Amino acid sequence: IFKADVSKREEVKKLIEYTINKFKKIDVLINNAGISISNLFTSVTDEEWNKIINNNLYKESLENLKKYEEDRKFCNHTIEHFIDVARIAYILVLEENINVSKEVIYAIGLLHDIGRVKQYEEGINHDLASVEMSKEILKETTFNEEEIEIILNGIENHRSESDNKLEEIIYKADKLSRQCFNCEAEKECYWSKEKKNFTIKY
């Protein structure tokens with residue numbers, strides 16, 4: 001018996017190597033480890049989100065956001081915030097045992113506020129602008145249609161509570177990422193007390 005966690009790529013590789021070494025080939029493979037919304041295991045990379053952060057539109061938008069928010073005293077919309085949201089959301093997904101790939105979660109985190117640049121430039125609601133910009137950015141990734149739909153829904157609905165478990169997690173992660181307890185402008189912020197984060201949870 002060879003024990004392995006099939007959710008971990010390295011353990012799956014070791015399982016395959018063990019099987020080939022012992023039996024010389026694999027005759028039958030039965031996948032009953034759960035439902036996946038990801039691509040085929042062989043086509044998913046561990047760092048799909050790097051295609052997002054290296055996208056020209058994405059990089060240009062981040063630079064413009066820095067300029068637009070240079071004198072902003074409230075929370076900024078930086079790559080640090082995007083990554084914080086992604087990491088907290090991933091922890092919450094693991095805690096609640098929701099079957100969503102890390103790549104999908106990080107894509108939502110990295111893209112959810114990128115439309116802020118359009119809000120500054122054209123007055124468009126940033127959640128809607130983020131969706132439209134993400135459609136272009138995601139063309140350079142290998143996410144399938146189902147994954148892209150999940151990503152875009154997560155982005156579009158990140159500002160409000162939802163009955164959808166993943167979208168609710170993104171909403172929570174966005175709020176939990178903010179350090180209201182350490183913000184000099186907290187008393188001037190338009191967020192309600194319920195939305196503000198005064199504790200460290202993740």
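Isoleucine 26 lies in the loop between helix H1 (9-23) and helix H2 (50-53); helices here are DSSP runs of type H or I with at least four residues, numbered from the N terminus. The model is predicted, so local features need pLDDT of at least 70 and side-chain atom pairs count only at pLDDT 80 or more, while totals for chains, interfaces and linings use all residues. Residues are numbered from 1 along each chain as its sequence is written, and side-chain values use heavy atoms, with hydrogens and water left out.

**Surface patch**

- Isoleucine 26 counts as partly exposed because its relative accessibility is 42%; buried means under 20% relative accessible area, exposed means over 50%, and partly exposed lies in between (1.4 Å probe, protein chains only).
- Together with Ile16 and Ile20, Ile26 forms a nonpolar patch on the surface, with about 230 Å² of accessible area for the three together.
- Residues of a patch have over 30% relative accessible area and no salt bridge, and nonpolar side chains (Val, Leu, Ile, Met, Phe, Trp, Tyr) are joined within 5 Å, whereas like charges are joined within 9 Å.
- Accessible areas come from the Shrake-Rupley method with a 1.4 Å probe.

**Second largest pocket**

- The second largest pocket holds about 670 Å³ of space.
- Of its 29 lining residues, Arg72, Cys75, His77, Arg178 and Trp191 are the closest to the centre of the pocket.
- A pocket is an open set of points on a 1 Å grid, where a 1.4 Å probe fits, with protein on both sides within 12 Å along at least five of seven lines; lining residues have an atom within 4 Å of a point.
- Helix H4 (79-95) and helix H9 (165-176) each supply at least two residues of this lining, and H4 gives the most, with 3 residues.
- By type, the lining divides into 7 nonpolar, 9 polar and 13 charged residues; in this count Asp, Glu, Lys and Arg are charged, Ala, Val, Leu, Ile, Met, Phe, Trp, Tyr, Cys and Pro are nonpolar, and the others, Gly among them, are polar.

**Glutamate 69**

- Glutamate 69 lies in the loop between helix H3 (56-68) and H4, and it counts as buried because its relative accessibility is 2%.
- Glutamate 69 and valine 117 are 48 residues apart in sequence and 9.7 Å apart in space, C-alpha to C-alpha.

**Salt bridges**

- Side chains of opposite charge can pair when their charged atoms come close.
- The structure holds 10 salt bridges, each being a side-chain nitrogen of Lys or Arg within 4 Å of a carboxyl oxygen of Asp or Glu.
- Lysine 66 forms a salt bridge with glutamate 63, and their closest N and O atoms are 3.7 Å apart.
- These two residues are 3 apart in helix H3, so about one helical turn separates lysine 66 from glutamate 63.
- Lysine 66 is exposed, at 56% relative accessibility, whereas glutamate 63 is partly exposed, at 42%.
- Aspartate 127 pairs with arginine 159 in a salt bridge, with 3.6 Å between the closest N and O atoms.
- Because aspartate 127 lies in helix H7 (residues 126-137) and arginine 159 in the loop between helix H8 (145-156) and H9, the pair ties together parts that are 32 residues apart in sequence.
- Aspartate 127 is buried, at 11% relative accessibility, while arginine 159 is partly exposed, at 39%.
- Lysine 196 and glutamate 186 meet through their side chains in a salt bridge of 2.9 Å, N to O.
- Both lysine 196 and glutamate 186 are buried.
- A network of salt bridges links Glu186, Lys187, Lys193 and Lys196.

Terms used:
Grid points are joined across faces, edges and corners, and a volume is the space filled by probe spheres set on the points.
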